[in-house]
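Reader: I am new to this structure and would like to learn how its features are read. Could you take me through them slowly?

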Amino acid sequence: MSDVSTPPSGESLREQIEAARDPKPRNMVLVFNGVSMTFPDGTHALDTTDFAVNSGEFVTVVGPSGCGKSTLLRIASGLTPPTTGNVVVDRSSLGYVFQDATLLQWRTVRRNVELFAELEGIPKAERTRRAAESIDLVGLTGSENKYPKQLSGGMRMRASLARSLVLEPNVFLFDEPFGAVDEITRERLNDELISLFQRLGFGALFITHSISEAIFLSTRVLVMSARPGRLVASFDVPFAYPRPPELRFDPAFAELAGQVSHALRGAHA
Amino acid sequence: MSVQGIAVAGSDDAAQDLAAQHRKGIGWSGIVAPIIGFAVFVGLWYLMHYWALEALWDKPSFLITAPHRVVEDSYLEAIPREQMLRGLGWTTFVALTGLGISIVLGMFLAIVMAQATWLERSFWPYLIAAQAVPILAIVPIIGTIFGYGFSSRILVCVIISIFPIVSNTLFGLLSADRSQHDLFTLHDASRRTRLVKLQLPAALPAIFTGFRIAAGLSVIGAVVGELFFRRGSKGIGIVMDQYRQRTQYPLTYGALVLSSLLGIAVFMFFGWLGHAIVGRWHESTRKSS
């Protein structure tokens, strides 16, 4: 696995050495190699894109609406094949949380959470155990037998998250998952997501149009330009985890938010 | 990590309130309203008999028998009652057999049609034709081929009742969200897995709507079939027609009411079954049908 922007062989060698030294190896779990996307109708959605997500890294892409952020995730997951380039990712341990919870309305929470494990052919006993664990992780214990129509928006997102957790993913894709819930629920879900991230150490690629959410969650923020989407800036977020909610009002946080915002506006111009 | 369901409580309560309201509503919408409806219906019937027929159309009042006469002559007398109930039994048998065939065949066709647009397009015209064909016009053909008895009645039943099953099942199968399909694509689900775990469950509400409509039609089909194919057992349609020929109006209406009740009964049965299976999770299933 290598990033096209650097010499492939050298990078992978350095990676190996680092992996040997580093107690927490930073191996890439998602790699975009020269990926671009032009739809059959001629819409140029995504310009040539190269980047990688390491395990234990939380990368967020911010960009204006309709800039091809969702396309980026669809390509990452293999749902949409790119026009050029390729993506390196292990699809069998890929978590994907959609914009809507997309729960199957005829299944209870428990059975919804088991769905991916079922489709991946994980045996029933193992599936049941993992589902119970995931439900516990997202705090839905006690609601296992409820149907989606009986859940609030926040609970549905939790169930959707648990459904992917069952696969014990190395890499997690989030497509503006908290866009539809209220501000208070959203902040709480952010906190919960961070603690999951810390515990499980997956690599995450998160899409949002909220700068504050992007910085609060991530180790790295990528800024995407308007269509055709192009990664125009990258910011490392220096704050240590766990991140307290008050961090959002920290001057350093505000300064970084200002820089990201500036880059976003630059991308528009 | 601990999560309390506080943010959730509001909407949960709302859902429970709704459910409670629904339960309370059964008193009015489940019992009182139907009784009022029935009273109005019987009232109009009496109005036709005692007043409207003679006053408005200048026709003899016996053409529409008074309801109490229907009950007295048809249901309180042993001989016509026995005759009608036996007929009703046969008609029920034909209707349910026809409906069963329609369900199996119709769902199979819909599943096939859901597999590809070209299949859908190839089958549609014939289904619409089956829907539109004037049964009366092909009666001689059906009779010559399948005989003037049981099999032909069942065939009429199937022709009349299959369309809503195919169209509703197909509509339901194609109604699963694109994003829900994505979930299955993401994990390389086979066509069969997709059908069994996504499309069929998603289609259930529509399928039961189709069953309900088809159930009513299958009774019509059975009665109509009896009117043409008279050999063999005497269903309620034949019994009714014989009363009519002998101008036994109270008995004719008695048989008519029974065959309507049969239609209502199968219709309601499928409404109840649909609610029992789908009601727990489907947003808009109503208990009444």
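**Reading a covered helix**

Author: In helix 2 of chain A, the buried residues are Lys69(A), Thr71(A), Leu72(A), Leu73(A), Arg74(A), Ile75(A), Ala76(A) and Ser77(A), where buried means under 20% relative accessible area, exposed means over 50%, and partly exposed lies in between (1.4 Å probe, protein chains only). This is a predicted model, in which local features need pLDDT of at least 70 and side-chain atom pairs count only at pLDDT 80 or more, while totals for chains, interfaces and linings use all residues. Residues are numbered from 1 along each chain as its sequence is written, chains are lettered from A and ligands numbered from 1 in the order in which they are written, and side-chain values use heavy atoms, with hydrogens and water left out.

Reader: How many residues of helix 2 of chain A are buried, and what comes just after this helix?

Author: Helices (H or I, at least four residues) and strands (E, at least two) are DSSP runs, numbered from the N terminus. Helix 2 spans residues 69-77, and eight of its nine residues are buried; just after it, Gly78(A) takes a positive phi of about 90°.

Reader: Where is Thr102(A), and which residues does it touch?

Author: Contact means heavy atoms within 4.5 Å. Thr102(A) sits in the loop between strand 5 (94-97) and helix 3 (109-119) of chain A, and is buried, with a relative accessible area of 10%. Leaving aside residues up to four places away in sequence, Thr102(A) touches Arg163(A), Ser179(B), Gln180(B) and Leu183(B).

Reader: What is the secondary structure of chain A, and how much of the chain is buried?

Author: Chain A has eight helices and nine strands, and 55% of its 269 residues count as buried.
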